[in-house]
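Please open the structure before reading on. These notes are meant to be checked against it, point by point.

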Amino acid sequence: MLTRTMLLQLANSKTMESLVRGNRWSAQLARRFVAGESLEEVTEPVRRLNAQGLAVSLDFLGESVTNEQEVAVVVDTYLRLFQHIRTQHLNANVSLKLTSLGLDIGDDLCYRNMLRLLSAAEPDLFVRIDMESSAYTQRTLDMFYRLWEGPEPHKNVGVVIQSYLYRSADDIEKLIAAGARVRLCKGAYKEPPSVAYPNKADVDANYLRLMQQLLLRGNYPGIATHDPKIIAATKQFAREHNIAPDRFEFQMLYGIRRDLQIQLVKEGYRMRVYTPFGTHWYPYMMRRLAERPANLWFALKNLFRA
Ligand code: FDA
């Protein structure tokens with residue numbers, strides 16, 4: 001628990017980021033979780049996943065961007081990504097973070113960028129808005145609804161809900177009523193006990209409740225977890241309630257539990273692999289290390305061996 005807290009705190013440290021990013025060995029470690037640095041580099045990994053029956057969601061790494069020029073680069077990269085997916089015939093949709101699209105600069109800038117991206121993604125590409133820390137939950141949902149039912153509505157967009165937040169059951173009810181597509185995950189940020197369950201057992205129990213809400217009444221939910229118990233419970237719940245395997249999809253992260261990803265496809269379930277790329281991999285990698293500190297010890301052992 002202490003290691004998790006420490007790693008999540010370090011994930012926000014710019015000094016640590018500049019130290020770690022310049023290090024060849026850390027860049028190698030990041031490659032376990034990140035498919036490549038450029039758009040071109042991810043083509044082959046995505047093709048390999050697709051060939052195994054796995055769909056993909058491509059994410060251009062970046063968050064907390066507070067400079068308008070950098071935001072413009074992110075928008076441009078997503079526009080090129082849409083074209084790349086189409087011309088290369090990849091079985092992929094797209095994930096993005098609102099703080100990489102200007103949310104920290106202003107809601108209107110972020111909204112305009114999202115409208116531009118959603119229009120360009122239509123008619124064939126779906127765009128998932130990742131959920132960031134609880135400081136952004138309400139603003140992310142507000143942005144989602146503005147895009148979903150605002151003056152220029154778009155339906156090729158979905159959102160993410162985290163089971164560690166107390167508020168999530170209510171948020172899911174509203175999203176179900178709106179007909180929105182939800183990805184359910186446990187939540188990856190350091191949150192205070194005033195907003196999130198501090199105990200993992202409660203986070204897992206809440207996940208099970210929310211999964212049932214979504215499977216029964218949701219619109220093609222994404223069950224995003226590597227937790228074998230939750231996956232087994234999802235399969236059982238779907239069977240018991242005659243919910244066909246094509247009414248939802250499992251989702252996992254690139255490089256994590258590849259065995260389970262393939263096994264689920266072989267069993268006839270849909271599986272989508274969240275596949276990040278880009279050079280801003282530091283906070284993403286730190287969150288992955290925090291989820292399983294054993295990754296860190298494994299990495300350190302290899303460092304001292306090298
Ligand atoms: P849990 O952490 O209990 O892990 C269950 C098992 O999975 C572990 O015992 C281990 O075997 C394996 N495992 C999990 N993480 C691992 C790792 N890093 N390395 C190696 N093995 C690991 N979060 C968020 O806040 N906002 C978001 O938008 C998203 N989006 C998202 C998309 C997708 C497709 C996934 C799968 C996850 C996210 N997440 C996320 C991250 C999520 O909140 C959560 O932190 C991780 O998925 C880990 O939680 P699990 O559900 O896997 O369970």
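Predicted model: local features only at pLDDT ≥ 70, side-chain atom pairs only at ≥ 80, totals over all residues.

1. Every value below is computed from it.

2. **The barrel.** Eight strands form a closed barrel, in the order S1-S2-S3-S4-S5-S6-S7-S8, and the pairing is parallel. On average, neighbouring strands of this sheet are turned by 30° against each other, direction ignored.

3. **Strand S7, buried or exposed?** Find residues 249–253. Five of the five residues of S7 are buried, so the strand is mostly covered (buried means under 20% relative accessible area). Look at the two faces in turn. Glu249, Gln251 and Leu253 are buried on one side. Phe250 and Met252 are buried on the other. Both faces of S7 are therefore covered, by that same cut-off.

4. **S7 and its partner S6.** Strand S6 spans residues 222–224. S6 and S7 pair in the parallel sense, over three bridges. To locate the pairing, find Ala224, which stands opposite Gln251 in S7. Now follow the chain between the two strands.

5. **S7 and its partner S8.** Strand S8 covers residues 271–277. It runs parallel to S7, and four bridges join the two. What unit do S7, H11 and S8 make? With helix H11 at residues 258–266, they make a right-handed β-α-β unit.

6. **S3 and S4.** Strand S3 (residues 127–129) and strand S4 (residues 157–162) pair in the parallel sense over two bridges. Arg128 has Gly158 of S4 as its bridge partner.

7. **Helices over S4.** Helix H7 (residues 137–149) lies across S3 and S4, at about 155° to S4. Helix H8 (residues 168–178) lies across S4 and strand S5 (182–185), at about 160° to S4.

8. **The largest pocket.** Its space comes to about 1,300 Å³. How many residues line the largest pocket? The lining has 47 residues, and Lys186, Gly187, Ala188, Arg288 and Glu291 lie nearest the centre. Helix H1 (2–11), S4, S5, helix H9 (200–217), S7 and helix H12 (282–291) each give at least two residues to the lining. H12 supplies the largest share, with five residues.

9. **Gln261.** This residue lies in helix H11. Why does Gln261 count as buried? Its relative accessibility is 1%, and buried means under 20%. Set aside neighbours within four places in sequence. Gln261 is then in contact with Leu54, Met252, Leu253, Ile256, Met271 and Val273. For a sense of scale, take Gln261 and Asp107. They are 154 residues apart in sequence and 37 Å apart in space, C-alpha to C-alpha.

10. **Arg287.** Arg287 sits in helix H12. Its relative accessibility is 5%, so Arg287 counts as buried. Not counting residues up to four places away in sequence, Arg287 touches Leu8, Glu63, Lys97, Ala188 and Tyr189. Among these, Ala188 is also one of the residues that lie nearest the centre of the largest pocket.

Conventions:
Residues numbered from 1 in each chain as written. Heavy atoms only, no water. Buried < 20%, exposed > 50% of the residue type's maximum accessible area, 1.4 Å probe, protein only. Pairing = 2+ DSSP bridges. Right-handed = clockwise from strand over helix to strand, strands pointing away. Axes fitted to C-alpha atoms, helices over the stretch in contact; angles between N-to-C directions. Contact = heavy atoms within 4.5 Å. 1 Å grid on protein atoms, 1.4 Å probe; cavity = no way out; pocket = protein on both sides within 12 Å on 5 of 7 lines; lining within 4 Å. Points joined across faces, edges and corners; volume = space filled by probe spheres on them.
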